[in-house]
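The sequence and structure come next.

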Amino acid sequence: MDTRRIIVGVTGATGVQMALYLLRALAEYDDVETHLIVSDGARRTWELECDIPFQELLDCADVVYDSHNLAADVSSGSYQTDGMIVFPCSMKTLSAIATGYTDNLIARAADVCLKEGRRVVLSPREMPLGRVHLRNLNSAAEYGCIIMPPMLTFYNGPVTIEDQIWHVVGKILRQFGLEPRHFRAWEGAE
């Protein structure tokens, strides 16, 4: 069995707890190895938004990196991965990825994935989006990023916020050919 390596970057945008759902979902696959990078901003946002111990997020990953370590294995194209998910993606990180400004490991790992032709999924969290945000989103998409904001969905009959989060996580995982158990796809209407 071939192991898939997926890098997960968590940045300081609101909604950092969604990354815990993503990592829990990825942990359900025996053939997926997760490589987690958490920005300083994400750690601070976690403290402000979550009552879950931060260590619980770290414990869900197979490998955890210091976001300042630009010499980590995921900072090199010779280290084979299947791509990267930035969830949530702050506007600061979006800007860095869109312009190639790799001053931390999240931006560098995304840059490496893009230059190597690997999948990069960005889940930006900002509202409303300003012109500079839209320009950066467009640039990131032109460079090959898949833009997947955590949009509300109602066709699947969500009852809780968790239902909404699981749907977004499912949409992201499907970008990597994974079929999540918490995801309910549209099945058409009569």
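## H68 and its loop

The side chains of H68 and D40 are joined by a polar contact of 2.8 Å, a polar contact being a pair of N or O atoms within 3.5 Å; within protein, one must be able to donate a hydrogen and the other to accept it, and residues adjacent in sequence count only if both atoms are side-chain atoms. H68 sits in the loop between strand 3 (63-66) and strand 4 (83-89). Helices (H or I, at least four residues) and strands (E, at least two) are DSSP runs, numbered from the N terminus. From H68 to I172 the separation is 104 residues in sequence and 26 Å in space, C-alpha to C-alpha.

The model is predicted: local features need pLDDT of at least 70, side-chain atom pairs count only at pLDDT 80 or more, and totals for chains, interfaces and linings use all residues. Residues are numbered from 1 along each chain as its sequence is written, and side-chain values use heavy atoms, with hydrogens and water left out.

Six strands form an open sheet in the order 3-2-1-4-5-6, with parallel pairing. Strand 3 and strand 6 (146-147) are the edge strands, each pairing on one side only; two strands pair if DSSP finds at least two bridges between them. Strand 3 pairs with strand 2 (residues 32-38) in the parallel sense over four bridges. Y65 in strand 3 is the bridge partner of I37.

## T81

T81 also belongs to the loop between strand 3 and strand 4. T81 is buried, at 3% relative accessible area (buried means under 20%, exposed over 50%, partly exposed in between; 1.4 Å probe, protein chains only). Leaving aside neighbours within four places in sequence, T81 is in contact (heavy atoms within 4.5 Å) with R5, I7, C113 and R118. A polar atom of the T81 side chain lies 3.5 Å from the backbone nitrogen of G83.
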